[in-house]
Amino acid sequence: MEQNGSVLIVDDEEGLRFGLKVFLSRNGFSVRESGTLSEAKDLMQSIFFDVAILDIRLKNKESGLDLIRTIRDQNPNAVILIITGYAELDTAIDALRKGANDYLQKPLEKERVLDSIRKNRELSLLRRENRQLKEELKKGNNEGKIIVDSFVMKEILRTADQVKNLAPNILISGESGTGKEVLARYIHETGNRSENNFVALNSAALSSNLLLSELFGHRKGAFTGAVEDKAGKFELAHKGTFFLDEVGDMSLGIQAKFLRVLEEKSFEPLGGNNRIKIDTHIIAATNHDIPSLIKKGLFREDLFFRLNVIHFNLPPLRERKEDIGNLSNNFIKMYSRQYRKSVDPLGENEIQILKEYSWPGNIRELKNLINRIVILTDQEQICSEQIRRFLGCSPEEIESPIPTKTTFHVAQSGTLAERLNPVIEEYEKKILIQALEKNRFNRTRTAEELGITRKTIGRKLHSYNL
Ligand SMILES: Nc1ncnc2c1ncn2[C@@H]1O[C@H](COP(=O)(O)OP(=O)(O)OP(=O)(O)O)[C@@H](O)[C@H]1O
Ligand SMILES: [Mg+2]
């Protein structure tokens, strides 16, 4: 059976420990148990736990609460659940303050234990990703950092700074690659919700049914295949920010459901019968012109007004050329570090050449171009001639970024899938970039050429962080 992780149960009631152990083992966890604090501490010396379930009242006036700190120190991402007696709300609140993730009342409902483990593990994974992103930013690794020089972008950031802590619904529009997601992340990271999750979902990449279950989550048995409870993205973004990408691609049916969430600030999981309240900053993005979708009857006008409390329209790169110099040099710095090369910032002449180009794929295209130049150059200083060569030719004419021989590094250990997947992904990513560049970032034409759907392109761009 799949390994779900290791669980420590600390409770002085042997029967309860045993029942829970059998149940969780059946659900794929490896479980250790103890009746006292000192025994639990001994176990922790040798085993790293992903989940701890602690009884508040143990024998000899001991309390599981005293273990919270030690467990957190050992594993900051551990899920800590507290077992309380009936009507011990004060103690439960105290436990949450001390760092527990959830509390469970006696008599224990086993399914509820499992739900809580699953939900909190997903949340802690997301928190870890968010933390990692922040650390990268702090370390000066500029991936994800927003760079603006042009007046129009500075004004957009100024407005974003003014409103971000008020969390109004925001709609960001702009051509593909203009930085809609980067702006949404900026709002989250620099606002007062940054301690909580930034959860992104791309509506164009999913079928309607999948999108519904991703948004709202589902209860076990809600439909064929719903074998367990699953928390929706809205729930995961509680107190944080929910970024709904490509909102213009949502079907009218889902638009109606989404509107209801915005109006009522609550939602109902599929197959569930209670509404869950949410406090989430909603930011939606689109590269469609929503008013013209409304005219065609493809987008609900009431949803547009709900979302459009604050509207940022990101201009294409060709209309804000002042941004090009700094963006390019930041990308050079980033890729030089990544490939351990030393490449100097561009000079005035080289930047001027970049400014004369029209950038149909916007900043994404500029970033990919710099990526390619840094990979392929063997000089420290990029000259005008090189830039012209890389810009003027279609990607096939320049040395192909797709190696003809396999130069990918295949891991030496792991299952076949673990060893091959990263290589396949790397290869796929390169083919995708090449095809996009060739088709001047027109997704429909790229999709036709590659024999996949436009949706798949959207999903892949998103998953490869391109
Ligand atoms: N102002 C900026 N500073 C630095 N990097 C940026 C900026 N704007 C965009 N980028 C980079 O360009 C790429 C595309 O940005 P992003 O994904 O935010 O665009 P998008 O508008 O959401 O595109 P799409 O509509 O295709 O989803 C990303 O790799 C991002 O890091
Ligand atoms: Mg995007």
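This is a predicted model: local features need pLDDT of at least 70, side-chain atom pairs count only at pLDDT 80 or more; totals for chains, interfaces and linings use all residues.
User: What is the strand order of the open sheet of five strands?

Analyst: The pairing within this open sheet is parallel. From one strand to the next, the twist averages 15°. Read across the sheet, the order is 7-10-13-6-14.

User: Over how many bridges do strand 6 and strand 14 pair?

Analyst: The two strands run in the parallel sense. One of the bridges joins Ile170 to its partner Ile310 in strand 14. The pairing of strand 6 and strand 14 extends over five bridges.

User: Which residue is the bridge partner of Ser173 in strand 13?

Analyst: Strand 6 covers residues 170-174 and strand 13 covers residues 281-286. They pair in the parallel sense over four bridges. The partner of Ser173 in strand 13 is Thr286.

User: Which residues form the covered face of strand 14, and which form the uncovered one?

Analyst: Helix 6 (residues 151-163) packs on the sheet and touches strand 6 and strand 14. The direction of helix 6 makes about 155° with that of strand 14. Within strand 14, the covered face consists of Ile310, Phe312 and Leu314, and the uncovered one of His311 and Asn313.

User: At what angle to strand 6 does helix 7 run?

Analyst: Helix 7 comprises residues 180-190. It lies across strand 6, strand 7, strand 10 (241-245), strand 13 and strand 14. Relative to strand 6, helix 7 runs at about 150°.

User: Is Phe198 buried or exposed?

Analyst: Phe198 is found in strand 7 (residues 198-202). Leaving aside neighbours within four places in sequence, its contacts are Leu126, Asn130, Glu181, Ala184, Arg185, His188, Thr241 and Phe243. The cut-off for a buried residue is under 20% relative accessible area. Because its relative accessibility is 4%, Phe198 counts as buried.

User: How far apart in space are Phe198 and Asn130, C-alpha to C-alpha?

Analyst: Asn130 is among the residues in contact with Phe198. In sequence, the two residues are 68 positions apart. In space, their C-alpha separation is 7.2 Å.

User: What area do domain 2 and domain 3 bury between them?

Analyst: Domain 2 spans 146-315 and domain 3 spans 318-392, and their centres, taken over C-alpha atoms, are separated by 32 Å. The contact takes 13 residues from domain 2 and 13 residues from domain 3. On the domain 2 side, Ile147, Asp149 and Gly177 lose the most area, together 44% of what that side buries. Between the two domains, 42% of the buried area is on carbon and sulfur atoms, and the area itself is about 1,100 Å².

User: How many residues apart are Glu13 and Lys106?

Analyst: These two residues form a salt bridge, with the closest N and O atoms 3.2 Å apart. Glu13 is in the loop between strand 1 (5-10) and helix 1 (14-26), whereas Lys106 is in the loop between strand 5 (102-105) and helix 5 (110-138). Glu13 counts as partly exposed at 38% relative accessibility, and Lys106 counts as partly exposed at 23%. The pair is 93 residues apart.

User: Are Arg443 and Glu246 buried or exposed?

Analyst: Arg443 and Glu246 form a salt bridge, with the closest N and O atoms 3.1 Å apart. Arg443 is in helix 18 (residues 443-450) and Glu246 in the loop between strand 10 and helix 10 (252-264), 197 residues apart. At 11% relative accessibility for Arg443 and 7% for Glu246, each residue counts as buried.

User: Which residues are linked with Arg260 in a network of salt bridges?

Analyst: The count of salt bridges comes to 24. The network that includes Arg260 links it with Glu264, Glu268 and Arg275.

Conventions
Residues are numbered from 1 along each chain as its sequence is written. Chains are lettered from A and ligands numbered from 1 in the order in which they are written. Side-chain values use heavy atoms; hydrogens and water are left out. Buried means under 20% relative accessible area, exposed over 50%, partly exposed in between (1.4 Å probe, protein chains only). Contact means heavy atoms within 4.5 Å. Two strands pair if DSSP finds at least two bridges between them. Axes are lines fitted to C-alpha atoms, for helices over the stretch in contact, and angles run from 0 to 180 degrees between N-to-C directions. Domain bounds come from an automatic or database domain assignment. Buried area is the accessible area (1.4 Å probe) that two parts lose on being put together, summed over both. A salt bridge is a side-chain nitrogen of Lys or Arg within 4 Å of a carboxyl oxygen of Asp or Glu.
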